[in-house]
Amino acid sequence: MTSALKGKWRRPDRDSEPRVRGRLRPLPLVAALVLLAVTLLAGLVVGAAGLPFVGILKALADRIPFVHLDSGFSTVDENVLFQLRVPRVLMAALVGGMLSMAGAGYQGVFRNPLADPYLLGAAAGAGVGATVVIVLVPGDPGYGVPLAAFAGAILGVAMAYALGSTAGRGNRAATLVLAGVAVSSFLSAVQTFLQQVKAEELQRIYSWILGGVGSADWHQLALVAPYSLVSTVVLLAHGRLLDVLSVGDEEAASLGLSAARVRLTVLVAASLATASAVAVSGLIGFVGIVVPHAVRRLAGGSYRVVLPLSLLGGAAFLELADLVARTVIAPGELPLGVVTAFVGGPFFVAVLRASRRQVET
């Protein structure tokens, strides 16, 4: 390598790429898209209003330019479909996709299948931000809760990264994990203190913490869509570089890749995706562990495959979880975080045991 290339990244030759290889093949991509389409349609059909499936398809097609179909829906039915159900299913897809892809990004940075979008204090920061608004703002704070949760999530990640960066050299990934744990513990203590200061707001606070997309609307979607889009583009563009990082920093450096720069970029993008999701949905755990791990099992370990399929699979997974939350105790509704915890808890134990067996062998 010439001196002019030192400290700069150059695209690795295909023949010199490290061991993790893979391309996104048509079959897994089509299967993921079909699964997502089916879950989206199911989310539109299921509900107390009992809208017919054919009518829903006609109403959706009627919104396409130059297409005119009579769905037979009344004004009330139209409002139920386009003001309640469509924003809800789109929000579930967005939140699931962001959490899942962020989880895959964190796992690529830390080279640890147990890494989670809430690893670096994002969830704890979002909880503090939301709690501050609920406690201090009288009445209905409106969009103040998601905005404060977004700011809190970004603040939590920034605190963890600053602490991890100043803790010394060595295993930077492990240091960041420990910093995230420390920041999360501190912010959780702050949140508990705020809850006790105004105990009458505990129900509202816990309803947000347990997560859900039942209050989703078009304004919330417009609020987080730009951040989600930026996060998605950045993470998908770094799939090949995460493959290089997966074989070690030394080999990455030998190919002219700045591991620290890639790691920081992916951390920022994954944290932005996490903050966007928790700002509008509350704290929904385990999506970032369950989906990426399932994708690796089914389609391979290359991040050029894992990241896009995690985006689609996470969207479909949370759509299914939301369907369960709406129907299992109908006409009541379970918190979405409870549903994902029922699935994710045992799954986390299985992944932990599998990781331990790999270490022992």
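**Aromatic pairs in a predicted model**

Tyrosine 106 is buried, and phenylalanine 110 is buried too; buried means under 20% relative accessible area, exposed over 50%, and partly exposed in between, with a 1.4 Å probe and protein chains only. This is a predicted model, where local features need pLDDT of at least 70, side-chain atom pairs count only at pLDDT 80 or more, and totals for chains, interfaces and linings use all residues. Residues are numbered from 1 along each chain as its sequence is written, and side-chain values use heavy atoms, with hydrogens and water left out.

Now the rings. Rings of Phe, Tyr and Trp (its six-membered ring) pair if their centres lie within 6.5 Å; planes under 30 degrees apart count as stacked, over 60 as edge-to-face, and the rest as tilted. That rule gives 2 aromatic pairs. Tyrosine 106 and phenylalanine 110 make a stacked pair, with 6.4 Å from centre to centre and 20 degrees between the planes. Both sit in helix H3 (residues 75-110), and because they are 4 residues apart there, about one helical turn separates them. Helices here are DSSP runs of H or I, at least four residues, and strands are runs of E, at least two, numbered from the N terminus.

Phenylalanine 150 and tyrosine 227 have ring centres 4.8 Å apart and planes at 45 degrees, so this pair is tilted. Phenylalanine 150 belongs to helix H5 (residues 144-165) and tyrosine 227 to helix H8 (residues 218-237), so the pair ties together parts 77 residues apart in sequence. Phenylalanine 150 counts as buried at 17% relative accessibility, while tyrosine 227 is partly exposed at 37%.
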